Amino acid sequence: METLASPGILYTVAIFALVIGILVFVHEFGHYGMARLFGIKVEAFAVGFGREVVGWTDRHGTRWKLGWIPMGGYAKFAGDANAASQPDLALDATLPEDERANLFHNRPLWQRSLVVMAGPAINFLFAIVIFAAFFMTYGHQITPPVVGHVVSDTPAAAAGLKQGDRIISIDGRNVKRFEDVSRIVAINPGTAIYIRVDRDGADKTLTAKPRIVTDVDRFGNTYQRGQLGLQSGDVVVVRHGPMQAVRWAVVRGAPATQ
């Protein structure tokens, strides 16, 4: 049995802290970069909470620091009372008018909005860059829209679908992955659909009526979905070019930042 001090657990904790630290840095740098673009002074940029482990002050007066608790971080702007960016209204009375205008909470709403939105936005872009890099180097795992198996006594079998059929489109909607087949079929319970397939180089159009299946979601609500009775083939790894890599990265990056 591993103890708390075992190398395996320490390695896991270190990797977790590193990943969280990178994500926090990128997120807060979005706030920081947009604030600097508008000339808003950033008093502190912190990754982690608690006592400062290491830090330095740059020529713009920003204190960059690393906290000993590797969870979260913040960018503290001029005029903030704390790391949560609550405005220090008492500070306004002690400053001349031209300096008060430069405090974060006195900046125009559109500037404050952009500073706030810059954090999530750069996380989304960062996710796209990471996914795109992986898709171009290591490859992208996808399931081609090829029928791996047809379950007997199902709408798919009745429609004449066969193992090895490559599904081109369903009701005129192009199909790129087997997941597209599942998605389209699911929203057409009991409705006839037209499936265009490539079978050994021959173009065929088949008609199928997905079976109505009743399921219960995690909230206890019942819903109906369509089911054909198809199983996918093998997963393949595809290396994409830059444009396709970015396209797929956008698809994968959106849920990843949520």
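**Close-up 1. Phe16 sits in helix H1, which covers residues 7-37.** Everything in these legends refers to a predicted model. Start with the side chain of Phe16: with a relative accessibility of 45%, this residue counts as partly exposed.

Close-up 2. Which strand gives the most to the patch? That is E2, with 4 residues.

**Close-up 3. Glu43 and Lys76 pair through their side chains in a salt bridge.** The N to O distance here is 2.7 Å. Glu43 belongs to strand E1 and Lys76 to strand E2, so this contact ties together parts that stand 33 residues apart in sequence. Are the two partners buried or exposed? Glu43 is partly exposed at 29% relative accessible area, whereas Lys76 is buried at 18%. Lys76 gets that label because buried means under 20% relative accessible area.

**Close-up 4. Arg63 and Glu52 form a salt bridge.** Their side chains meet with an N to O distance of 2.6 Å. This pair, too, links distant parts of the chain, with Arg63 in strand E2 and Glu52 in strand E1, 11 residues apart. Arg63 has 29% relative accessibility and counts as partly exposed. Glu52, at 30%, is partly exposed as well.

**Close-up 5. Arg225 and Asp215 are joined by a salt bridge.** Here the closest N and O atoms are 2.5 Å apart. Follow the chain to find the partners: Asp215 is in strand E9 (residues 211-216) and Arg225 in strand E10 (residues 222-227), and the pair links distant parts of the chain that are 10 residues apart. Arg225 is partly exposed, with a relative accessible area of 25%. Asp215 is also partly exposed, with 21%.

**Putting the pairs in context.** Side chains of opposite charge can pair when their charged atoms come close. How many salt bridges does the structure hold? There are 6, and the ones pictured here include Glu43 with Lys76, Arg63 with Glu52 and Arg225 with Asp215.

Key: Residues are numbered from 1 along each chain as its sequence is written. This is a predicted model: local features need pLDDT of at least 70, side-chain atom pairs count only at pLDDT 80 or more; totals for chains, interfaces and linings use all residues. Side-chain values use heavy atoms; hydrogens and water are left out. Helices (H or I, at least four residues) and strands (E, at least two) are DSSP runs, numbered from the N terminus. Buried means under 20% relative accessible area, exposed over 50%, partly exposed in between (1.4 Å probe, protein chains only). A salt bridge is a side-chain nitrogen of Lys or Arg within 4 Å of a carboxyl oxygen of Asp or Glu.
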